[in-house]
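This report covers a disulfide, nonpolar cores and model confidence. The structure is shown below.

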Amino acid sequence: MKILFSSMIFAASLSFISCASPVVNNNSNLDLAVTSPPSSPPVSPTPLIEEPAQTEAIPSDDSTSFEEPSTSQKVAQEIAKQLPERDPVVILPTRDGNLDASEESEEMAEEVAEQLRKSGYTVQTRRAMNVASAINKIFGRSKGIRGPSIGRLGTALGLGAIILVGLANADENEKSVTTSIYTNNRGVFEEISNSSLKTKDKSAAFQQRTSPCTENLLTNGDFEKDWEKGWNRTYSDIDEGSSVTEVIGASGSNLLHMQHKGLASVSLHQTASVPKGRIFFQFESKFVAREGPIGGFSGTGTAGFTIIFFDANKKYLGLLWVGSHKKNIFEDTGLVGVPQSPQSTNSAAFIALDNDRKVNDRLEISRIARDRLGKLDLSKIKYVAVSISVGATHQSASAEAWVDNLSLEVCQ
């Protein structure tokens, strides 16, 4: 399997060509995928749910320690005093009464969650796929946190408690961390605690942003306007197969729906200029790759995102592919001529997403590129192209994608 880039890529236009192997594809309600995944075996995606690590208790106030507890430890200690039982818990980052997706707030929530896990609690955050899916369904686009919505979320996830952790500037040199704990009382979630902690802590969560991230560098990434706004469509071979590209309404929000059946592929893409800093790609997606009727002999669909890095002259530097495909059932048998999954190289890395599952994730793509693309010089990145594609390698195979809330941001 190969992913070929036409000269249009070097013009930052991103045209994908399928070559007798899976092509870039995207389908399904809320998913992003990109042409052929890696061979042997695909690079594992960033874990969406972390299993609780039950080691080491959180240092208590009277524990013998030579180090001052971090802010996350202090917050976790106070929370642990209030939680009546060790039922499943979700921690959500907030700011000014709303869910907050900023890196600073997300990191604080993650740090507090990790401290509670060390004390034996089963804790998830909004980065967990099931939590993200429930939040999108219950809160919608408003992200405003209210009592009834908290109760619906807790019931939907079978939680014992929901903890809101909020960050705010206390003054020029301090930050304030507020916590609100809602526990399940016979099916009704009631607030049992509300506290605030001022800190000058220099932990990772507070150092994530010395200045705000950029605004979303993608145009119409939430598809509230039709796909023609900000996006360009490209076919690898317009005479092959059939496809649909449309924006549809769902749960009070619009999302992109793409579908392709038969040989070749179709993709939407746009290119953004990026400043120096840490580059983040956030997405909600669901990709579905389908084989033809005869497994192993009638090709596969592929769907996903392709993220391509360019220098100031729009010269190709490297790429990441994040998506889904169906692995050929004979791939590991040693038979000659069996289509292989794409292999990662020092200029192209592949991250596999579970097929036919909703995913809500935020990837630090500059870090992934640094770790996996040995030929790429991060200091040369000036442009980033994002492509959403669906395609197939056989006339009977197909792929489908549902995509929403795409964001490309650069943080200091």
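## Disulfide

Cys213 and Cys411 form a disulfide (a pair of cysteine sulfur atoms within 2.5 Å), with sulfur atoms 1.7 Å apart. The link of Cys213 and Cys411 is right-handed, at 100 degrees about the S-S bond. Cys213 sits in the loop between α6 (204-207) and β9 (232-235) and Cys411 in strand β19, so the pair ties together parts 198 residues apart in sequence. Helices (H or I, at least four residues) and strands (E, at least two) are DSSP runs, numbered from the N terminus.

Cys213 has a relative accessible area of 13% and is buried; Cys411, at 0%, is buried as well. Buried means under 20% relative accessible area, exposed over 50%, partly exposed in between (1.4 Å probe, protein chains only).

## Nonpolar cores

A nonpolar core is a set of buried Ala, Val, Leu, Ile, Met, Phe, Trp, Tyr and Cys residues joined through side-chain atoms within 4.5 Å. The largest has 43 residues, of which Phe309 and Leu406 touch the most other members. Strand β19 (residues 398-411) supplies its largest share, 6 residues. A second, separate core of 19 residues includes Val75, Ala76, Ala161 and Leu167.

## Confidence and conventions

The model is predicted: local features need pLDDT of at least 70 and side-chain atom pairs 80 or more, while totals for chains, interfaces and linings use all residues. Residues are numbered from 1 along each chain as its sequence is written, and side-chain values use heavy atoms, leaving out hydrogens and water.

The protein chain has a mean pLDDT (the predictor's confidence in each residue, from 0 to 100) of 76, and 71% of its residues reach 70 or more.
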